[in-house]
Structure formats: C-alpha cells, structure tokens
Amino acid sequence: MTSWPDTRLCDLLGIALPLIQAPMAGPNDHALAVAAASAGALGSLPCAMLSAEQIRAEAARFSELAPGRPLNLNFFCHRSPAPDAARDAAWRAALKPFYLELGLDPDMPLPAATRRPFDAESCALVEQLRPEVVSFHFGLPEAALLARVKATGARVLSSATTVAEARWLAAQGCDAIIAQGVEAGGHRGLFLGDDISTQPGTFALLPQIVDAVDLPVIAAGGIADGRGMAAALKLGAAGVQIGTAYLLAPECKTPAVHRAALQSAAAEHTALTNLFSGRPARGIVNRLMRELGPLSALAPAFPQASAALAPLRTAAEARGSADFTPLWAGQAAPLARAQRAVEITRWIVAEALQCLGR
C-alpha cells in the first residue's frame, strides 16, 4: 500500500485513501457514497433533509452495496429560528414579481423548510445504525447528545471555518477537524460568528489549524483534482474532503439545469449567498443572486428562506431555467469531470501521488 504523508486519517476512519466524499444534501444519496467507498474513500450520506425512514433505507442500501466499508452520516447543528411573520412577509413581497412572471399565486401556501437540526430522534437513529463516522456542520450538538454519539464508537468530525472554531471543536472532543476554506461549495460551516470577512481561503486556513490543534485536519474547499489534494497534504492536511468534483458523475442526482451550469462558462463565477436558505453558501451566480443579492437582509433565518423559493424553482426548472435553483458549487467547479465517481476518485488520487513523487 502506498504510504501517505500522514496516515492518521486513514487509520482513524479505516479507509485506504485520505479522501472523504463530501456530503451534499440534494444530489447525494447512497449511489455516490457507494461509488466513493468502492474506490477506497469515505462515502458520506447527508441526513439533514431526510426523514428517519429515508436515512435507514439509504444506510441499508449502502451496507448492501458496499459491505464492510465505513459510512459517514452527516447532520446539521443549527438552531431552529423563532417564527418571524414580518420577515417572512417582507421576503414574499420581494419575491412577488418573480411569482407573477411565472404565473404563480404570490399568496399560495408554501411547503415547510426541510432542513432539520440534529436532535434526540437523530441521536437515537445513530445509536441504532451505528455508522463508523458521524460528521456535523454548523458546530456540534449539545453535550449530552454528542456524548451519546461518541458512546456508539463513531468517529466524530465537524467543520471549522476559522482557527477559533477549530480550537473549540477540538476542546469538545472531535476526532478530526474539517478545515473549510471560503472557496468551498455549499453552506459555510461557521458557527461562532456570522462575519463573512473572517473566513480565510483553504490554503491560508489549513496550516493555521494544523498548527493550532493536535488532531488530523481535513482540507475542504477549492480542491477538485490531484494537484489540489497534493498541495493540501503538503501543507499538513491528513486528508481532503471533496464535493464539487463529483457533481457531474452519473451517480450524483444533480438536476439537469445544475449540470448545464457546471459545464458552461457560468461555473467560473461563484459567490456566497444567503438567498436560498438564509445562511451563506457558495453557488454559481444566477438570476436571483444578481437581482436580489447575493447577500440580502431580506432573507429569513435558516432554513426558512427556502420555503418561498421552492415554487419558483419548480416552475423555472420545468422550463429549463436555473434562475431560482441553488447551484451549489465551489470555486474549482470548472475542474469537475463528467465521469463515474470511482474514476474521478482514482484520477484525483493518482494525480496527487504523482505530484507528491510517490
């Protein structure tokens, strides 16, 4: 077996490759996790938008198709916001012209926002399924729930977007820390503050976290090929977490309009936006972001902003438009390849080893 510069992550998680397939709510189900695991990486399942029954079914399919491979279940740790009728009304008023343009009733009933925080029910599910790894976004659950998760024997990971967050996670008992640079696609994992100006890029943040904590550090953000992986390992990472590079894989349920954007010049322009959910997340710039933001005080608190956008997204996608679709992607989106996930993983690793001279 090839010796990696730092084998702590492989040893900790029981994987052959120091690579984690990033959990991506929406396009990522067991098929992508199985493919990544089959190549020797850690397969991940995003759970924040799934019911308990769906999580059980997805985990069962993973176990059936990738027997003996470790699995990462990922959860959000946000706090559900208090109702704010005035803010919701202002948000609907801002979106009203788009509703009328698409022939929708601006006062139509809205679906419930689907992202749920890790709670006692989620914890009981972890105790039942006993995944090898449990990862969190937006911090960690309350101490009693975290203790129950750790009692199952699961390795616990969480994202840090600053050195202060990394130190906090280490003090709470994380087994490894994901250093999420500002280049990363999807939601920022920030939890100690909401000032976007405090968010360093991956290759500035990574060595600072490596120096600050005595734990394996996983680099995430702007890494979509072997050159990026090798650079992260050279800077002290024990592994990398990669998401955007997989969005064009057939195992990913990426919507057609999202795939089209990724394969166009639009992929070169991403930005942080809170319009689609209420928390800052990086995606390819589209019409909604250009006309309302990309960051707006009008957007309700996470995850409530998504409710009023759901009808717009459905109607626009039916017409082949990505105007109201969250096109989550990192700044390395143009490097994504339309290949099978196993091939993508092997290509990234082979290129990384070549860059490292191994």
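These legends go through several close-up views of the structure above. The model is predicted, so local features need pLDDT of at least 70, side-chain atom pairs count only at pLDDT 80 or more, and totals for chains, interfaces and linings use all residues. Residues are numbered from 1 along each chain as its sequence is written, and side-chain values use heavy atoms, with hydrogens and water left out.

**View 1. An open sheet of 8 strands, paired in parallel.** Reading across the sheet, the order is E1-E9-E8-E6-E5-E4-E3-E2. Strands here (E, at least two residues) and helices (H or I, at least four) are DSSP runs, numbered from the N terminus. Two strands pair if DSSP finds at least two bridges between them. At the edges stand E1 (19–21) and E2 (43–46); each has a single partner strand, so one side of each is left without a neighbour in the sheet. On average, neighbouring strands of this sheet are turned by 25 degrees against each other, direction ignored. The axes behind that angle are lines fitted to C-alpha atoms, for helices over the stretch in contact, and angles run from 0 to 180 degrees between N-to-C directions.

**View 2. Strands E4 and E5 side by side.** E4 (residues 133–137) and E5 (residues 155–160) run parallel and are joined by 4 bridges. To find your place, look for Ser-135, which sits opposite Leu-157 in E5.

**View 3. Strand E11 with E7 and E10.** E11 (residues 281–284) pairs with E7 (residues 186–187) in the antiparallel sense over 2 bridges. It also runs antiparallel to E10 (residues 270–273), with 4 bridges joining those two. Ala-281 is a handy landmark: Ala-281 is the bridge partner of His-187, and Thr-273 stands opposite Ala-281 too.

**View 4. The cavity lined by parts of H3 and H5.** Rolling a probe the size of a water molecule over the atoms shows where empty space is left. On a 1 Å grid over the protein atoms alone, a cavity is a set of points where a 1.4 Å probe fits but cannot get out, and lining residues have an atom within 4 Å of a point. Grid points are joined across faces, edges and corners, and a volume is the space filled by probe spheres set on the points. The count comes to 1 cavity of 30 Å³ or more, and the largest cavity has a volume of about 70 Å³. Of the 13 residues that line the largest cavity, Leu-50, Ile-55, Phe-75, Arg-116 and Ser-122 are the closest to its centre. Helix H3 (52–65) and helix H5 (120–129) are the elements that give two or more residues to this lining, and H5 supplies the largest share, 3 residues. By type, the lining divides into 9 nonpolar, 2 polar and 2 charged residues. Ala, Val, Leu, Ile, Met, Phe, Trp, Tyr, Cys and Pro count as nonpolar, Asp, Glu, Lys and Arg as charged, and the others, Gly among them, as polar.

**View 5. The salt bridge between Glu-101 and Arg-287.** Side chains of opposite charge can pair when their charged atoms come close. A salt bridge here is a side-chain nitrogen of Lys or Arg within 4 Å of a carboxyl oxygen of Asp or Glu, and the count comes to 13. In this one, the closest N and O atoms are 2.8 Å apart. Glu-101 lies in helix H4 (residues 85–101) and Arg-287 in helix H11 (residues 287–292), so the pair ties together parts that are 186 residues apart in sequence. Arg-287 is buried at 16% relative accessible area, while Glu-101 is partly exposed at 48%. Buried means under 20%, exposed over 50%, and partly exposed in between (1.4 Å probe, protein chains only).

**View 6. Arg-340 meets Glu-251 in a salt bridge.** The N to O distance is 3.2 Å. Arg-340 sits in the loop between H12 (305–318) and H13 (341–356), and Glu-251 in the loop between E9 (239–242) and H10 (256–262), 89 residues apart. Glu-251 is buried, with a relative accessible area of 10%; Arg-340 is partly exposed at 47%.

Note on methods. On a 1 Å grid over the protein atoms alone, a cavity is a set of points where a 1.4 Å probe fits but cannot get out, and a pocket is an open set with protein on both sides within 12 Å along at least five of seven lines; lining residues have an atom within 4 Å of a point.
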